[in-house]
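Colleague: I'd like to learn how to read a model like this one. Can we walk through it together?

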Amino acid sequence: MSTAVRPEVRIAERAGFCYGVRLAIDKAKHARDAGKEVTTLGQLVHNPGIKADLSDRGIRTADLADQVEGGTLVIRAHGVPANELEQVRGKPDLEVIDATCTWVLQSQKAARELAAAGYTVCIIGHEDHPEVKGVRSYAGEGHVVVDDMDRSTWERVPHTKKIGVLSQSTILPFKLEEFAAFCLRRCHDLRVVNTICPVTLTRQADSVVLAGEVDAMIVVGGKNSSNTKELAVKCAEVCADTVHVADADELEGEYREWVRGKARIGITGGTSTPEVDLEEVRDRIYALSA
Ligand code: SF4
């Protein structure tokens, strides 16, 4: 008779929502609980369960500022471009709750100050990420955005006198270091503002420690979440057997066999992954290996 061995499953110490995302969700819920007609500009979070919960509460989502005329509008943690914020604030029947994360606000401020001081602002991140779209709107004329994963885009950096470097809050620190060194070779006066979010750093550190102590690692979070993807890359450097799943259902569908026979499994998640999703993945591992 064969007996299935229940694996040891550990969840990374600091995981679950970051405070920026949590605060934005709480602000939207409080406004709704107070009886307001609440709309969010873009999804507050990509997590399907949370999106369904917000929708069940009657909180709507608009993709564009033009689509909202009245009620209460919540700006998500990633922030929005300056002109969009101005546009919604100018609508007389619209109450705007700005839930832009304080770290993102600092990046926007740094971009504005560097541009005002005559620096060509160079931002490393993902051009289509909402946070970058917002930050670059403060970065003045001549700014450039380069992709941390595609070095050919770094050639966009001009040879000039003064360069100011910023990063998307979730990129890996060594990418910022490499990019700053690259920019140094293109200017006389370089200023680097470290705009990597400390929450992302502590999360990465805890996850990497855990990845080094287990046989296999599961990173949980949206497939379009930048920080979750970066987390998966980091974990894979330490634990080759790392997989990235959106949720417990994907684990069961795609990795049913993969789970079996593993003695120690670690779980972590991106800043937009709630703790309950990590616990669900843990419980699903137990069920699959029973
Ligand atoms: S990851 Fe950091 S910068 Fe982004 S919303 Fe969360 S706390 Fe703010």
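Colleague: Which residues surround the ligand?

Modeller: First, the ground rules. This is a predicted model, where local features need pLDDT of at least 70, side-chain atom pairs count only at pLDDT 80 or more, and totals for chains, interfaces and linings use all residues. Residues are numbered from 1 along each chain as its sequence is written, and side-chain values use heavy atoms, with hydrogens and water left out. A residue is near a molecule if one of its heavy atoms lies within 4 Å of it. Here the ligand is surrounded by Cys 18, Gly 20, Ala 77, Cys 101, Trp 103, Ser 169, Cys 197, Val 199, Thr 200 and Thr 271.

Colleague: How many of the residues in that shell are nonpolar, polar or charged?

Modeller: Ala, Val, Leu, Ile, Met, Phe, Trp, Tyr, Cys and Pro count as nonpolar, Asp, Glu, Lys and Arg as charged, and the others, Gly among them, as polar. This shell has six nonpolar, four polar and no charged residues.

Colleague: What does strand β8 pair with?

Modeller: Strands are DSSP runs of E, at least two residues, helices are H or I runs of at least four, and both are numbered from the N terminus. Two strands pair if DSSP finds at least two bridges between them. β8 pairs with strand β6 (residues 120-125) in the parallel sense over five bridges, with Ile 124 opposite Ser 167 of β8. Four bridges also join β8 to strand β9 (residues 189-192), again parallel; there, Gly 164 has Arg 191 in β9 as its bridge partner.

Colleague: Is β8 enclosed or open, and why?

Modeller: Buried means under 20% relative accessible area, exposed over 50%, partly exposed in between (1.4 Å probe, protein chains only). Five of the six residues of β8 (residues 162-167) are buried, so this strand is largely enclosed by the rest of the structure.
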